[in-house]
Amino acid sequence: MRNCLVAQSGGPTAVINASLAGVIRANQLNPVFDRVLGGIHGIEGVLEGKLYDLTELSGREIEILKQTPSSALGTCRYKLKRGNDADYQRLVEVMSAHDVDVMFYIGGNDSMDTVDALSEWAAANGRPERFVGIPKTVDNDLVPVDHCPGFPSAAKLACQVTHATRLDYDAYTRPEVFVLETMGRDAGWLAASCCATGDVDLLVLPEVDFDRDAFLAQVQRKMDETGECYIVVSEGAHYADGTYVSAGDTAHDGFAHAVLGGAALTIKQMIVDAGIAPRGVVQDLSRAARSSNFAQSLVDVTEAYELGMSAHMRAADATFTGQVVGVAPRTPEQIASGAYDARFFAAPASEFANYVRHFPQEWILPDYQGISDEALAYFRPLIAGEPKLVYEDGLPATLKPFNKR
């Protein structure tokens, strides 16, 4: 028997640690590996040999870990590039030095590409090390899954904030618009989920090129009819030429993605400048949507934990590598009926990496009017239920991050 390694990468979610907890607990119940080691700060820390032994976490620690937001091991945005043999060689040297047979990588699109690249390199170089992906993302933009762990909790928080701020907005008589901004660089799943509350007047998604004049006409119509207009916009909203509505698109992260933010502020100002309303209110969900453990979806935290356990179980097969575990898609009939019974599956990491799963065009209503009934039926089971959280001093208990120990 040998050891396994778990690391986290990319933006955290409210349940990313539940997948970590699932791997740890699965090995306690079925000790396929002698030790479960955690990579501090993702692949970047692993390359530096920064590991933490997670094997003997107590039952209480595992329960608290499941409800701890952010990445308990620390994260990174280090791009492991194909063709960079030095990094690949260094990684297997670290794994070999610590008797690691399998590395589980919890992350999004780029992390699944890393799983794919590492598996290909290991096979090409006759290496025995294996690599398994466990997905996460609040953007819900991975294929070929029904949804990604982290998204249902982000959607639940987004819906709660939408409904609460709509009630706050409705209390006033003064003419103003309200603009809520969500995360979602390339896909509008999170912004669209806000419509499940019934509170959204206009919805701006990356899947539909932004038409300033057509949009302002709809805002004017809403203000004329009701004196109110509650707008939700995804940070990745863009014009037909690809230019982001957001003004903050000059900086880039470690994967050459534009760093977005400010779409809501831009839209609010464009409405005011057009003379449609004298003022506007902006609410930016930003990191709150991915770190609000107090708003975890029961479906989400349960699935994230069980996917970690499923990945561990599948890795007991010595041939299991280059694969990602996920939640199998529902059929249109299942979505329409409201039936929900999650099934887990595994598929090659190459099917997850470097693809973007857009919010379906057929679910988007014209003229920024929101989403279809089928889309609402898709969202509702995912945000159902709340886990019973452990509280300390009036707040949800959290575990001290391993990268801070």
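**Figure 1. Strand 8 and its partner strand 7.** In strand 8, Val232 is the bridge partner of Leu203. Strand 7 and strand 8 pair in the parallel sense over three bridges; two strands count as paired if DSSP finds at least two bridges between them. Helices (H or I, at least four residues) and strands (E, at least two) are DSSP runs, numbered from the N terminus. Before you look further, please note that this is a predicted model, where local features need pLDDT of at least 70, side-chain atom pairs count only at pLDDT 80 or more, and totals for chains, interfaces and linings use all residues. Residues are numbered from 1 along each chain as its sequence is written, and side-chain values use heavy atoms, with hydrogens and water left out.

**Figure 2. Strand 8 and its partner strand 6.** Here strand 6 (residues 177–182) meets strand 8 (residues 230–234) in a parallel pairing over five bridges. One of the bridge pairs joins Val179 to Ile231 of strand 8.

**Figure 3. The residues of strand 8.** How many of the five residues of strand 8 are buried? Five of the five are, so strand 8 is mostly covered (buried means under 20% relative accessible area, exposed over 50%, partly exposed in between, with a 1.4 Å probe and protein chains only). Tyr230, Val232 and Ser234 point one way from the strand, while Ile231 and Val233 point the other way.

Figure 4. Four strands make an open sheet with parallel pairing, in the order 7-8-6-9. At the edges sit strand 7 (202–204) and strand 9 (280–284), each pairing on one side only. On average, neighbouring strands of this sheet are turned by 20° against each other, direction ignored. Helix 8 (residues 212–226) lies across strand 6, strand 7 and strand 8, and runs at about 160° to strand 7. Axes are lines fitted to C-alpha atoms, for helices over the stretch in contact, and angles run from 0 to 180 degrees between N-to-C directions.

**Figure 5. Helix 4 meets helix 5.** The axes of helix 4 (residues 85–97) and helix 5 (residues 109–124) come within 11 Å and cross at roughly 80°. That makes helix 4 roughly perpendicular to helix 5, a term for angles of 65 to 115 degrees. Asp85, Tyr88, Gln89, Leu91 and Val92 of helix 4 make the contact with Ala117, Leu118 and Trp121 of helix 5; contact means heavy atoms within 4.5 Å.

How values were computed. Parallel < 35°, antiparallel > 145°, perpendicular 65-115°, else oblique.
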